[in-house]
Amino acid sequence: MAGLWFEPGFQPGSPEPSRWVPLADRNVSAFDPSRIDPSPGRRLRAFATLVHSVDPTTGAVALRDTHQPFIQPGKPLTYRELLDRVETDPALANVHQVLGALPLRLGHPRPLVDAIPPEHQWTARDPDLPPALQDLGDEINEDIREGLAAFDNPHHYYPGIDSGIDPVPDDHVKLVIWALQRELNRELRPNEGHYGGSPPLPAAPLTDLPWHVQRAIVERRRLRYLQWGIGKAEWESGVWSLWSVPRDDEYVPRRSARLASIHGV
Amino acid sequence: MPAPTTTPTTTTPGIDPGISPWPERFTDPARICPQQRREGASPDVAP
């Protein structure tokens, strides 16, 4: 299965990719934000990840990881129609409440990290964002990816964030770069087009980047979290709310936009 | 006979010809698996 998530039309068991329809107009089924899908809508994409159809004939929909439908409208709804109902229908207040308090971290609970450990113990898995925040994770990876161009061009233009976020101390830059490196080191990939026997490439050494690029990566990361309504309070509580995610109906993840333009989605 | 023209020399910042571009040297962070990309957000470290 390795690498198949790069293929825009990949559908397990389906030889022909189905016609692409934006999420807003797509009937509720099962949405995987890690697939190349340039459907716009910041909140809509997160919402679509949190629900799934359990009976297409009646339009019954359940929350992710459950099979008990919370709505049975009698006919299929589009993701946009369903989101509008959850936002406004008092009968769905309990669903609205659940989606307003979601776990920020998956995996075995561990203490939060506020300083680089003197002797880091490598673990098989660190906490990860829930799938509904896949776009957030992808944006952070896109920021890192764009910053790596500084390895090839020391004059690479890579601005940080001047306003809209709290200032980032130098120690926090170092901590976040350490944390990002921790994950880059974990999973390596061969060069593009060289699957099948090629050894994996090493992880990019982030601390070798110019300091202003490291700082910009960390400032952008802080901004990305805020773009999904997640600040320090949410991070400390470990709870985020779908309703704090701006609607941003025109938003398309850069990764999906970039890969869709290459693969012609 | 007209004097030979010369092309002005321009210097474009870029990679040393002896070094391959970064995507050929390092793993592209955007190509690791979806779960790992979510892990890469390092939610155990403050934004």
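At what angle do the axes of helix α1 (residues 42-49) of chain A and helix α2 (residues 79-88) of chain A cross? The legends below begin with that pair. The model is predicted, so local features need pLDDT of at least 70 and side-chain atom pairs count only at pLDDT 80 or more, while totals for chains, interfaces and linings use all residues. Residues are numbered from 1 along each chain as its sequence is written, and chains are lettered from A and ligands numbered from 1 in the order in which they are written.

**Figure 1. Crossing of α1(A) and α2(A).** The two axes cross at roughly 90° and come within 10 Å; axes are lines fitted to C-alpha atoms, for helices over the stretch in contact, with angles from 0 to 180 degrees between N-to-C directions. The helices are therefore roughly perpendicular to each other (65 to 115 degrees). On α1(A), A:Leu44, A:Phe47 and A:Ala48 meet A:Tyr79, A:Arg80 and A:Leu83 of α2(A); contact requires C-beta atoms, placed from the backbone, within 7 Å. Five residues of this contact are nonpolar, none is polar and one is charged (nonpolar: Ala, Val, Leu, Ile, Met, Phe, Trp, Tyr, Cys and Pro; charged: Asp, Glu, Lys and Arg; polar: the others, Gly among them).

**Figure 2. The side of chain A that touches chain B.** Chain A contributes 53 residues to the contact and chain B 30 residues. Elements of chain A giving two or more residues to this side are α4 (134-147), α5 (170-186), α6 (211-227) and α7 (232-237). The most, nine residues, come from α4(A). By class, this side has 27 nonpolar, eight polar and 18 charged residues.

**Figure 3. Helix α8(A) and its buried face.** In helix α8 (residues 254-263) of chain A, the buried residues are A:Arg255, A:Ser256 and A:Leu259 (buried: 20 or more other C-beta atoms within 10 Å of the residue's own, C-beta atoms being placed from the backbone). Seen down the helix axis, they fall within an arc of 90° and so line one face of α8(A); the arc is that of the directions from the helix axis to the C-beta atoms. These buried residues pack against α4 of chain A. Just after α8(A), A:Gly264 adopts a positive phi of about 75°.

**Figure 4. Elements of chain A.** Chain A has eight helices and four strands, which are DSSP runs numbered from the N terminus (helices H or I, at least four residues; strands E, at least two). Of its 265 residues, 32% count as buried.

Notes. Angles under 35 degrees count as roughly parallel, over 145 as roughly antiparallel, 65 to 115 as roughly perpendicular and the rest as oblique. Two residues are in contact if their C-beta atoms, placed from the backbone, lie within 7 Å. A residue is buried if 20 or more other C-beta atoms lie within 10 Å of its own, exposed if 12 or fewer, and partly exposed in between; C-beta atoms are placed from the backbone.
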